[in-house]
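I opened this notebook to record what I looked up in the structure. The entries follow the order in which I consulted it.

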Amino acid sequence: MSGGGDSRREFVKIAGAGVAGLAVGYGLGMFSAPGPAEEPVEEPVEKPVEGLPGIPDEPLKIGYIYFMTGALGTYGTNAAAAIELAVEEINEMGGILGRRIELTNADEADRERVLDNIARMVQDEGAEIIIGLDSSGDALKAIPLIEEELQVPLIVTHAATPKLTECGRRKYIFRVSMYEEPIDILGAEIVKQLYEGEVTRVANIGPDYAYGYDSWTIFSGKLQELMPDLEFLDPIYTPLFTTDFGTYIDQIKNSGADLLFSSLWGGDAATFFKQAVAKGLFDSVKVYMNAMLGATDTLEAIGDENVPDGVDVWGSGRYWFLYPPHDVYPLNKEFVEKFLDKTGNYPPYVAATSYVAVYAVKAAIERAYLSLEKWPEVDDFVEALEGLTVPGPMGPVYIRPEDHQGLYDVYWGRLRRGGPEYPIPILDDLVVVPPAKVVPKPFETMVSC
Amino acid sequence: MDISLIVVQAFNALFYASILFLISSGLSLIYGIMRILNLSHGALYMVGAYVTYTVVILWLGLDWFSMILGYLASILVVGGLGILVERILLKPLYGKSHDLQLLLTFALILILDDVVKMIWGPEYRAFPKLPGFSIPVGDFQVPIYFIFTVLLGFSVAIVLHLFFTRTTVGKMIRAMTYSPEVASALGINTDRLFALSFGLGAALAGLAGGVAVPLYTASPGMGTEVIVLSFAVIVIGGMGSIKGALLGSLIVGFSRVFMVMLFPVMEIALIYIIMALILLVKPTGLFGMEMRERR
């Protein structure tokens, strides 16, 4: 690293003030709707509630659908563990207003029958709420089924395409996980703040489908706006589950790129990284930014020994298990400890977002009950979700009423070795900003709808 | 264009072809001898990856000696698994509809995916780094492990060739390939050779998994993607031919690298275009004719 060291630290420090922002609520002004500062955080009901009038006797059934098997099965097993954890906690407290939760599930890896399986959970198994969906393609395909046919609430916790929430008003579909656009926008801001003058040529490597294309559109679009003099190279897109990245790595090296943006995820992100280190890619690429690196399972696959010296590697995601810091935000600490205890792993982002989805259900039902004094109908429930703020491991999640998008702090962090404290590489020097700084207004997106 | 880039990219193509050859040779062999399209070949490759990972990373520590032991363990475990599968599951299906064999090998994928998940968990399993260092070539670097893989791939091709042309067992297997009935009439124990052949094909899948795992990120289901490309390789080269698998791997390896360098959008498409063209011009694949004529 050279030059701009002081301003760099300064930026990191200022951005780190996002932590303090948690206590006072998010910055306002960008939103037309009332922000969370005006909306009290729903307090979880601590004691078992019994004998409230108007509560159905039978349990509340929630269905979840994730990739449970196959190469992406780790998403589903982590999400399922987190959902079970939340349900156990709530049922231990006596359920939601005294009504216990029961779970059913389906495997998103059953590619031909994703919609059928959602319908089955609702129609045959009596699921009143659906949580899940890893694939953006599946989430978009499910819109007509959910909105028109089934008319049950779907809380998406992973699929990240802006199109789900930003390309039209949905009634029953919500998303509590951060979508890709704010993450990519913050990535571009970081490049501007920290590396202006140091980088000149920007390359991209991403998965060869909508997510990879959209991420590059957003990141390069924002970066071009911020630093018009940069040279943007032709983006590289690789098929999912590529074994050999060597060819792409040598092409990138040959291109003379000094900044590499990547939207590779999961095993592909780890495979690419390992081969890039072995092939000396980071001799010429000085800054590597991967929007999906902040997943603990991916970092574990990269391995602590494999973190190179002399290159700035940045990662982001929908949640980072060390943010908000455990000493100032016990909810995250408890969640990390419980998840570690249950699974032996540090929670990846899918765990935190699916965990908060269950608590969003609880908070919305309680909120509706306060005004209705009866168990809410579907329409009451979705109305109660709008504008709700739910405390989650990632901090309070504010569900924006217009587009049903969950908003919370967005981060990027610099990769460093985790040892001896952690067995996996971790993200350090976190740059965290409140959503108001980087989330576009409702229904505004750089991706074409 | 920089000459060192061309050299390094040619080497990348050879490397990729070597991995493909290790995977597809076993698939082709099983088809050639037994007429079984083994859909679970990718799942066997996955088991091989996990076995080498276990031996090297979980048990012995990363060095070349433990790598070799890891490969041997993968060959033995997956080869043994292959023989068990053939004896217990496939044997009762001989002479029955091919659909049953397809269904069975498909079921094996699901079973093995779950077995792997039970033993090793759903998490990614990966080597912390590649064994060995990298050699500079101009501005580029070639990891020793890439070179090792290429040498290993070609050595396996030579060993297989010698096995089928020089050894009695190899010759008996070839005889059986052309006509099981005549081979049987000549006193060759075809029953036992079927088990041996399936075991050998499976062992090759296991070795392929072991060789690929240091570069790759293992997870349940990792075999599913690789099997599709392997089918393309053996369709191009000719189903059942080891020579064909080698040539098919080289064609796929080089055409991919060529496309990434010149016209990346067509990277995957070109492989299937070649496959389609070969099917049109020579439906048996480049080296498929020989066997068919003699049947």
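Predicted model: local features only at pLDDT ≥ 70, side-chain atom pairs only at ≥ 80, totals over all residues.

**Entry 1. Chain A overall.** I began with the secondary structure and found 15 helices and 16 strands in chain A. I then looked up burial: of its 449 residues, 56% count as buried. I also checked the contacts in chain A with a separation of 6 or more, and 74% of them join residues 24 or more positions apart.

Entry 2. I turned to β10(A), residues 287-290. Which residues point which way from this strand? V287(A) and M289(A) point to one side, Y288(A) and N290(A) point to the other, and all are buried. I noted the general rule beside this: in a regular strand, side chains alternate between the two faces of the sheet.

I next looked up the partners of β10(A). Strand β9(A), residues 259-262, pairs with β10(A) in the parallel sense over four bridges, and L259(A) stands opposite V287(A). Strand β11(A), residues 312-316, also runs parallel to β10(A) and is joined to it by four bridges. Here M289(A) stands opposite W314(A).

Helix α10(A), residues 266-278, forms a right-handed β-α-β unit with β9(A) and β10(A). A right-handed β-α-β unit is likewise made by β10(A), helix α11(A) (residues 296-302) and β11(A).

**Entry 3. The sheet β12-β13-β14 of chain A.** I found an open sheet of three strands in this order, with antiparallel pairing.

Four bridges link β12(A) to the antiparallel strand β13(A), residues 395-399, and V390(A) has V397(A) as its bridge partner. Helix α13(A), residues 349-372, packs on this sheet and touches β12 and β13 of chain A. I recorded an angle of about 140 degrees between the direction of α13(A) and that of β12(A).

**Entry 4. The contact between the chains.** I counted 38 residues from chain B and 34 residues from chain A in the contact. On the chain B side, α1 (3-34), α4 (98-120), β3 (140-143), α9 (223-237) and α10 (242-262) each supply at least two residues. I noted that α1(B) gives the most, with seven residues. By class, this side of chain B has 23 nonpolar, eight polar and seven charged residues.

**Entry 5. Helix packing in chain B.** I looked up α11(B), residues 267-281, against α9(B): their axes come within 9 Å and cross at roughly 35 degrees, in a left-handed crossing. A232(B), V235(B) and I236(B) of α9(B) meet residues of α11(B) that include I271(B), I274(B) and I278(B).

I then took α10(B) against α11(B). These helices pack at an angle of about 140 degrees with their axes 8 Å apart, and the crossing is right-handed. The contact involves, among them, S255(B) and R256(B) of α10(B) and E267(B) and I271(B) of α11(B). By class I recorded seven nonpolar, one polar and two charged residues.

Note on methods. Residues numbered from 1 in each chain as written. Chains lettered and ligands numbered in written order. Contact = placed C-beta atoms within 7 Å. Nonpolar A, V, L, I, M, F, W, Y, C, P; charged D, E, K, R; others polar. Buried ≥ 20, exposed ≤ 12 C-beta atoms within 10 Å, placed from the backbone. Pairing = 2+ DSSP bridges. Right-handed = clockwise from strand over helix to strand, strands pointing away. Axes fitted to C-alpha atoms, helices over the stretch in contact; angles between N-to-C directions. Left-handed = near helix turned anticlockwise from the far one by under 90°.
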